[in-house]
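Good morning, and thank you for joining.

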Amino acid sequence: MWRLSLWGVGCGVWGVGRFTPYAPLPIPHKKQGLFLTLLLCLIAASTVRAHSELIRAEPGPGARVAAPREMRLRFSEMVTEETAVLLFADGFQQVAGVVAQVDPVSLQEVVVALPPLPPGVYTVQWKAVALDGHELSGSYMFEVVAGGQTAVWLGGGLVIMLLLLGLWRWQLGRR
Amino acid sequence: MLLLLAACTRQQEVDEAMATLSPIQVLLVSTDFGVGQPRVSFAFFDGENVAQNVASVSLQVFPVDGGEAVWEGTAVSYTDYLIPYWVFYPELPTAGYWGVKTELTLTDGTTYSPGFVMETLAKTNAPALGAVAPPSENKTVFTESDLSKLSSGTDVNPALYQMTVAEAVKTGRPTVVGFVTPGLCQTRWCGPTLESVEAVQEAVGDEAANFIHIEVYDDFQALTLSAPMVEWGLATEPWVFVLDKDGRIVSRLSGPLSPTELQEQLAPLLSSGVG
């Protein structure tokens with residue numbers, strides 16, 4: 001779990017950092033040269049374009065959803081484990097039990113496990129830390145609506161019922 | 001039919017609620033806020049694009065643990081930077097986290113109320129307002145003849161490397177010190193800041209004020225921080241400081257900085273003669 005007291009939403013811009021040493025990966029010896037070359041290219045590229053901007057989120061800004069079990073935030077660059085996501089309910093009450101982790105499959109994506117969220121408007125506060133330590137932070141809002149999906153299901157179910165009723169009457173008419 | 005009507009009514013209520021919910025994303029673009037009246041800057045994004053159609057922004061600041069607003073006011077827009085951004089100076093009495101409710105009005109009259117959270121520190125990392133600037137012995141053209149080692153940028157302007165901070169504060173003129181790495185951070189969030197410093201230098205002239213660029217990195221390959229960055233306690237970049245004639249910090253400007261905003265900060269020191 002990330003630490004509110006350490007990252008500070010307000011301190012979330014342009015952190016100057018050093019490359020974080022990564023644990024060695026189990027790569028076949030013959031492929032190590034290629035891997036290192038690619039890694040160096042990657043690091044070089046990230047050096048000149050460092051800030052990870054939020055390019056997609058689920059739920060996204062302005063979304064109205066039934067209580068989500070998780071959030072997914074995708075950034076323009078790969079991010080480190082220092083990347084963090086906070087969630088605030090109405091009145092800026094921090095939501096406990098929010099756990100953000102960088103997706104090990106796609107290092108540009110952060111998966112955020114959520115506790116059950118009651119209906120209301122929520123503010124997502126994120127801080128993305130790029131591989132070279134540059135940081136960017138932002139926020140957006142989404143709304144959890146009770147029965148939002150229920151209403152859609154109800155409407156859909158009603159349409160199906162009406163279709164079945166029509167089919168039944170049509171069958172009766174044929175007899 | 002009643003069920004269908006109920007479903008439609010519910011959907012309408014939901015849609016109405018959605019209409020008031022902001023699709024706008026707020027990016028906080030300054031950092032290291034101290035207790036008092038910190039400069040807070042932010043930008044609005046609609047999807048991946050900068051929201052260009054924001055006409056006005058008013059704000060209220062609340063303690064995150066609940067309670068009444070401690071400050072309310074408006075933000076000022078600066079559009080002569082690559083990203084149009086907004087600045088406000090809240091009065092924040094204590095260190096801690098603050099919820100900021102914004103009410104933005106678009107040019108078509110639509111209003112949204114996105115919020116964000118910020119933290120104030122009892123002691124900032126970078127030198128505070130009123131503090132005497134560290135008398136850094138930064139690199140100049142007189143100590144480093146290879147311009148490519150003075151800045152990571154490609155088009156190095158020697159006028160920004162004529163004196164150290166230690167020398168500048170003895171000239172009796174106000175000084176602008178910019179910590180920027182133009183070649184190693186070329187994104188819209190930091191690269192153009194040095195151009196703003198150069199633009200103001202051209203507008204004001206070297207006789208009225210000193211202008212100094214200090215490169216963030218000492219080694220552009222290993223990315224080791226330059227000595228002044230450490231000396232000033234800077235953990236982020238870009239930063240621009242405005243010093244009065246005695247070397248005291250009168251403006252601490254982190255993140256994107258437009259020429260207009262920098263000139264506004266410098267102007268009182270030039271016109272009043274007390275700089």
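**A four-stranded sheet in chain B**

Chain B holds an open sheet of 4 strands in the order β13-β12-β16-β17, with mixed pairing. At its edges are β13 (210-215) and β17 (249-254) of chain B, each of which pairs on one side only. From one strand to the next, the twist averages 15°. Pairing here requires at least two DSSP bridges between two strands; the strands are DSSP runs of E of at least two residues, the helices runs of H or I of at least four, both numbered from the N terminus.

This is a predicted model: local features need pLDDT of at least 70, side-chain atom pairs count only at pLDDT 80 or more, and totals for chains, interfaces and linings use all residues. Residues are numbered from 1 along each chain as its sequence is written, while chains are lettered from A and ligands numbered from 1 in the order in which they are written.

Within the sheet, β12 (residues 175-180) and β16 (residues 239-243) of chain B are antiparallel partners over 5 bridges. B:Val176 of this region faces B:Val242 in β16(B). Helix α3 (residues 193-204) of chain B packs on the sheet and touches β12, β13 and β16 of chain B, its direction making about 160° with that of β12(B). Contact means C-beta atoms, placed from the backbone, within 7 Å; axes are lines fitted to C-alpha atoms, for helices over the stretch in contact, with angles from 0 to 180 degrees between N-to-C directions.

Turning to chain A, its secondary structure comprises 3 helices and 9 strands, running α-α-β-β-β-β-β-β-β-β-β-α from the N terminus.

Key: Contact = placed C-beta atoms within 7 Å.
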